[in-house]
Amino acid sequence: MATLSRMALGHALSLSGTGLVAGTLFFAASLTPTLVPRTYMTQGVLAGCCFAVGYGAGVAARWLWRYLEIPELRAGARSVANALLAVICLGVAITFLWRSAGWQNSIRAVMGMPPVDSAHPLKVSAIALATFVVLLVAARIFAALVRFAVGWLRGFVPRRIANVAGFAIAAFLVWSIGSNTLVPAVFRALDSSYSKLDQLIEPERPQPTADGKTGSPASLVKWEELGRAGREFIAEGPGAAEIGAFTGRPAREPIRVYVGLGAASDARARAKLALAELERVGGFDRSALVVITPTGTGWVDPASMDALEYLQQGDVASVAVQYSYLSSPLSLLAQPEYGAETARALFQEIYGRWTTLPKDKRPKLYLHGLSLGAMNSERSAGLFEILGDPIDGALWSGPPFESRVWRSVTDARDPTTPEWLPVFRDSRLVRFMNQSGPAVPPDKPWGPLRVVYLQYASDPIVFFSYRDAYRQPDWMKAPRGPDVSPELGWYPVVTMLQLGLDMAVATTTPIGHGHVYAPQDYVEAWFAVLGAQDWSSADIARLKQHLAEKAAARSGGGGG
């Protein structure tokens with residue numbers, strides 16, 4: 001025990017003073033608010049990571065100072081300066097810890113959440129210290145590997161070449177082990193775990209018996225092959241009786257088609273199966289047909305689909321194909337091309353059949369996706385492919401920051417409009433909406449093709465960017481979004497790390513904020529895309545209230 005204490009003390013005394021100063025400042029900055037409220041656990045891990053990054057930056061800066069042989073303070077003056085900096089940094093850290101509860105409450109207030117009494121500064125500090133120690137040990141193991149490689153190479157090459165080559169060899173070994181062994185093993189384990197969860201048959205969702213339902217005995221897709229998300233999608237939508245009882249008008253039974261990963265061997269085969277099932281149940285005989293790209297797990301947001309089916313009086317068919325078992329962030333890391341491949345295959349099958357139908361008798365064709373599904377849905381339709389016979393529109397909600405079409409449209413916005421609710425050209429083709437409604441008056445004329453992006457200013461999956469490490473993002477500038485803290489500020493590197501954590505917890509916000517999209521906002525968005533004319537403003541308000549109550553009562557839930 002005494003030996004371990006001496007080792008710990010030795011390592012503590014070996015820490016860089018400059019690194020500790022920079023690390024403390026990074027630690028303090030990490031306590032400021034961003035887009036999503038944090039628990040003390042997530043705040044502690046974030047603070048520890050930021051401290052480690054700041055410490056590394058301080059060590060690098062100190063090394064560069066010496067390498068460039070810049071004059072240094074004398075020993076006495078350096079001691080005084082270090083003591084003064086230590087006191088200042090400690091004061092900054094304590095002040096920021098004291099203010100952290102207020103900062104978190106500034107986010108909670110704009111999201112309608114109750115305030116917290118404390119941000120648990122002692123727990124945050126303890127978790128941050130543990131996180132920093134783990135990262136420091138990993139860094140020192142890497143440094144030891146570099147020294148070993150350099151020492152071995154110095155017997156063959158000059159010192160400076162050995163230093164560069166030794167670092168490169170160590171970095172390659174670590175990257176190779178991580179990317180070829182560790183990371184694939186983790187993803188295989190996660191994929192297996194999610195796969196087993198996906199295969200569980202929920203007793204509360206019995207197999208449908210009606211021939212027109214996917215998964216029924218008459219269906220081309222077996223009930224057990226739909227997967228957990230697919231069974232939820234098929235079983236939980238509103239029926240004709242429920243829609244008719246609400247609207248007081250005759251309604252049709254909505255058509256939902258879904259094909260799970262286990263239904264066929266590859267993306268193209270699953271897409272062909274989806275087309276065959278859609279034709280079997282009469283999907284092309286409806287007035288509207290929606291090609292859905294689900295989230296990473298295969299989940300389709302019920303808030304969106306319920307809104308669509310009520311607005312269409314049930315006269316709508318929708319079709320989706322699963323492409324992964326993993327959540328959207330993991331699927332984006334492990335299989336970035338696979339979702340796009342599946343979305344593309346499904347669109348080609350559906351669009352190819354749709355274009356063979358008489359224009360006056362075929363349904364209107366729309367695209368839809370949430371989160372990773374929105375990004376992959378964007379990629380599913382080629383511009384030159386549909387120019388001769390365009391689709392009717394698209395609704396993409398919560399598009400990830402890497403969505404190319406979204407990014408190009410946002411960057412080309414009217415410079416007088418904010419990034420979180422932009423106006424693109426004359427708004428005849430693309431419009432943006434949030435919980436406050438559209439960026440332009442809803443009665444402004446549309447063109448023949450209607451594209452709507454539904455996004456919240458507090459959604460980090462939409463507004464994260466690697467460039468946040470070195471420049472303040474436009475969405476932080478005034479005026480800010482309705483659910484963004486007025487206390488939020490920009491700090492180099494730290495803000496990017498904060499938003500990275502925000503992405504991981506973006507679905508923990510109340511509905512209508514973050515990455516949790518509300519049914520009443522989907523009503524507005526679908527109303528704009530569909531151009532529905534037979535709903536009065538009073539009926540729309542009543543539908544919003546009905547779907548909000550239904551969402552609040554719905555237990556469980558998916559997510560992407």
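Me: Which strands does helix H10 lie across?

Reply: Helix H10 (residues 302-311) lies across S1, strand S2 (288-293), strand S3 (316-321) and strand S4 (364-370). H10 runs at about 155 degrees to S3. Axes are lines fitted to C-alpha atoms, for helices over the stretch in contact, and angles run from 0 to 180 degrees between N-to-C directions. Helices (H or I, at least four residues) and strands (E, at least two) are DSSP runs, numbered from the N terminus.

Me: And what does helix H18 touch on the sheet?

Reply: Helix H18 (residues 519-530) packs on the sheet and touches S2, S4, S5, strand S6 (430-434) and S8. The direction of H18 makes about 165 degrees with that of S8.

Me: Before we go on, what kind of model is this?

Reply: This is a predicted model, in which local features need pLDDT of at least 70 and side-chain atom pairs count only at pLDDT 80 or more, while totals for chains, interfaces and linings use all residues. Residues are numbered from 1 along each chain as its sequence is written, and side-chain values use heavy atoms, with hydrogens and water left out.

Me: Back to the sheet. In what order do the strands come?

Reply: The order is S1-S3-S2-S4-S5-S8-S6-S7, an open sheet of eight strands with mixed pairing. Two strands pair if DSSP finds at least two bridges between them. Strand S1 (255-259) and strand S7 (437-438) are the edge strands, each pairing on one side only.

Me: How many bridges join S5 to S8?

Reply: Five bridges join strand S5 (residues 393-397) to strand S8 (residues 450-454), and the two run parallel. Ser-397 stands opposite Leu-454 in S8.

Me: Pick a residue in S3. Is Ser-318 buried or exposed?

Reply: Ser-318, which is found in strand S3, counts as buried because its relative accessibility is 1%. Buried means under 20% relative accessible area, exposed over 50%, partly exposed in between (1.4 Å probe, protein chains only). Leaving aside neighbours within four places in sequence, Ser-318 is in contact (heavy atoms within 4.5 Å) with residues including Phe-233, Ile-255, Met-305 and Glu-309.

Me: Which residues have the most contacts inside the largest nonpolar core?

Reply: Ile-350, Tyr-522 and Trp-526 do, in a core of 99 residues. A nonpolar core is a set of buried Ala, Val, Leu, Ile, Met, Phe, Trp, Tyr and Cys residues joined through side-chain atoms within 4.5 Å. H18 supplies the largest share of this core, seven residues.

Me: What does Ile-350 contact?

Reply: Setting aside neighbours within four places in sequence, the contacts of Ile-350 include Leu-275, Phe-284, Val-319 and Leu-365.

Me: How do H18 and H19 pack?

Reply: H18 and helix H19 (residues 537-553) pack at an angle of about 140 degrees, with their axes 8 Å apart. H18 and H19 are therefore oblique to each other. On the contact are, among others, Val-523 and Phe-527 of H18 and Leu-543 and Leu-547 of H19.

Me: And H2 with H4?

Reply: Helix H2 (residues 17-30) and helix H4 (residues 75-110) pack at about 15 degrees, with axes 9 Å apart. So H2 is roughly parallel to H4. Angles under 35 degrees count as roughly parallel, over 145 as roughly antiparallel, 65 to 115 as roughly perpendicular and the rest as oblique.

Me: How many helices and strands are in the chain?

Reply: The chain has 19 helices and eight strands. Of its 560 residues, 50% count as buried.
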